[in-house]
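Student: I have this one open on my screen and would like to walk through it with you. Where shall we begin?

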Amino acid sequence: MEPTQAIEEALDSFGRQYLAAFAAASTEQALRDERAQLLGKKGALTEALKLMGKVPAADRKRIGERVNAEKAAVDAAFDERLRALHAEARARELTARPYDLSLPGRAPARGHRHPISLVIDDLLGIFRDLGFVVVEGPLVELEENNFTKLAFPPDHPATDMQDTFWVDVAGAPPGARTLLRTHTSSVQVREMSRRTPPMAIVSPGAVFRRDDDATHSPMFHQVEGFLVDRGVSMADLRGVLAAFAERLFGPGTKTRLRPSYFPFVEPGAEVDLSCALCAGSGCRVCKGTGWLEVLGCGMIHPEVFTHCGIDPEETTGFAFGLGVERLAMMRYGVPDLRLMFENDPRFLAQF
Ligand SMILES: [Zn+2]
């Protein structure tokens with residue numbers, strides 16, 4: 001058979017059967033297989049094309065155009081069906097139910113407050129009941145408010161690089177040194193400098209020191225309280241502490257003051273509360289002593305009043321400060337302070 005005739009017959013027999021085959025292909029792979037039947041290495045159209053070389057020059061243009069048109073028609077039909085398959089798949093995705101109603105439900109995990117926040121809230125609640133106002137101060141402080149005006153001597157070890165995080169702050173007053181506050185007592189200076197007595201203030205918050213072991217963290221929390229008025233005495237301080245102790249650990253809780261030293265009070269004392277767990281008979285938490293060391297306190301030093309523009313001849317006051325972590329560890333029986341800040345949900349979920 002003449003090559004021209006052979007190609008023409010092949011193209012004639014080709015017909016439009018592939019349209020039905022394409023339409024029947026229900027997946028992209030099936031469609032591609034159908035196309036390979038025509039245009040693949042051994043496809044029908046490919047076989048016909050192999051004869052092109054033998055077609056006489058006179059017929060070549062006509063046959064070539066017909067072959068190209070046939071090929072273009074196959075490609076167009078293929079593209080159309082492929083687009084239709086993609087559209088069908090997308091429509092199925094969009095209309096399919098996105099969830100399985102037969103699966104069991106998953107309850108959302110419910111958050112709760114951190115043990116430190118719980119203890120701070122309890123402490124503030126007690127002091128609010130006693131008439132104290134809650135005030136917060138900044139974590140980044142001037143050296144003046146943290147040390148100088150609290151009558152720390154310039155060479156006091158607490159001011160040392162070893163104990164204090166000194167920081168540079170843009171916008172700090174010229175020549176002023178700034179630090180992460182080492183105690184909440186800086187709030188005393190701030191509030192006494194801008195208020196007129198009488199005042200009864202309690203101030204909670206984070207404080208920072210260069211310490212890191214099982215009982216010390218570089219960041220921990222204190223609650224500071226102070227009361228300033230005419231004629232305030234050590235007896236008033238004892239009264240407030242006794243009321244606080246009974247509210248914290250229950251009726252009958254006893255307080256004990258031991259002389260101690262803090263630069264910003266005179267006289268100063270450490271305060272012990274009778275152990276709530278053993279009622280004073282001695283246990284693991286109080287290390288057999290029957291007493292828990294809970295806070296430091298004293299009468300505000302006259303020099304501190306002078307630094308804050310208050311006349312110490314007319315005015316007296318007391319101040320106290322307590323470590324929140326210590327109290328939380330006692331209350332919840334936590335052996336290592338670092339657990340409080342590692343954010344392990346297995347620990348935190350227990351409160
Ligand atoms: Zn005890």
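This is a predicted model: local features need pLDDT of at least 70, side-chain atom pairs count only at pLDDT 80 or more; totals for chains, interfaces and linings use all residues.

Student: How many residues does H5 have, and how far does it reach?

Tutor: Helix H5 covers residues 57-95, which is 39 residues, and from its first C-alpha to its last it reaches 57 Å, close to the 57 Å expected at 1.5 Å a residue.

Student: OK, switching to the metal. Which residues are the protein donors of the zinc ion?

Tutor: The donors are the SG atoms of Cys 275, Cys 278, Cys 283 and Cys 286, which lie 2.2 to 2.3 Å from the zinc ion. In sequence these donor residues follow the spacing C-x2-C-x4-C-x2-C, and the site is tetrahedral, with angles of 105 to 117° among the 4 donor atoms.

Student: Is Cys 275 buried or exposed?

Tutor: Cys 275 is buried, because its relative accessible area is 2%, under the 20% cut-off. Cys 283, by contrast, has a relative accessible area of 22% and is therefore partly exposed.

Student: What about Ala 279, what is its phi?

Tutor: The phi of Ala 279 is near 55°, a positive value in a residue other than glycine. Most residues other than glycine have a negative phi, and most peptide bonds are trans. Ala 279 sits in the loop between E8 and strand E9 (291-300), and it counts as exposed because its relative accessible area is 68%.

Student: Which other residue has a positive phi although it is not a glycine?

Tutor: Asn 343 has one, at about 60°, and its place is the loop between helix H11 (324-332) and helix H12 (345-348). Asn 343 is exposed as well, with a relative accessible area of 54%.

Student: Back to E8, then. How many of its residues are buried?

Tutor: In E8, 8 of the 10 residues are buried, so the strand is largely enclosed by the rest of the structure. Strand E7 (residues 255-260) pairs with E8 in the antiparallel sense over 6 bridges, and the two form a hairpin with 4 residues between them. E8 and E9 also run antiparallel, joined by 8 bridges.

Student: What stands opposite Ala 269?

Tutor: Pro 259 stands opposite Ala 269, and Ala 269 also stands opposite Cys 297 in E9.

Student: Last one: what is Ser 217 in contact with?

Tutor: Leaving aside neighbours within four places in sequence, Ser 217 is in contact with Arg 209, Asp 211, Leu 337 and Phe 341. Ser 217 lies in the loop between strand E5 (199-208) and strand E6 (219-229), and its side chain reaches the backbone oxygen of Met 219 at 2.5 Å. Although in a loop, Ser 217 counts as buried because its relative accessibility is 8%.

Methods:
Residues are numbered from 1 along each chain as its sequence is written. Side-chain values use heavy atoms; hydrogens and water are left out. Buried means under 20% relative accessible area, exposed over 50%, partly exposed in between (1.4 Å probe, protein chains only). A polar contact is a pair of N or O atoms within 3.5 Å; within protein, one must be able to donate a hydrogen and the other to accept it, and residues adjacent in sequence count only if both atoms are side-chain atoms. Contact means heavy atoms within 4.5 Å. The expected span of a helix is 1.5 Å times one less than its number of residues. Two strands pair if DSSP finds at least two bridges between them. Donors are N, O and S atoms within 2.8 Å of the metal (3.2 Å for Na, K and Ca); water is not among the atoms, so sites may look incomplete. Four donors count as tetrahedral if all angles lie between 85 and 135 degrees; four count as square planar and six as octahedral if opposite donors are over 155 degrees apart and all others between 65 and 115; anything else is irregular.
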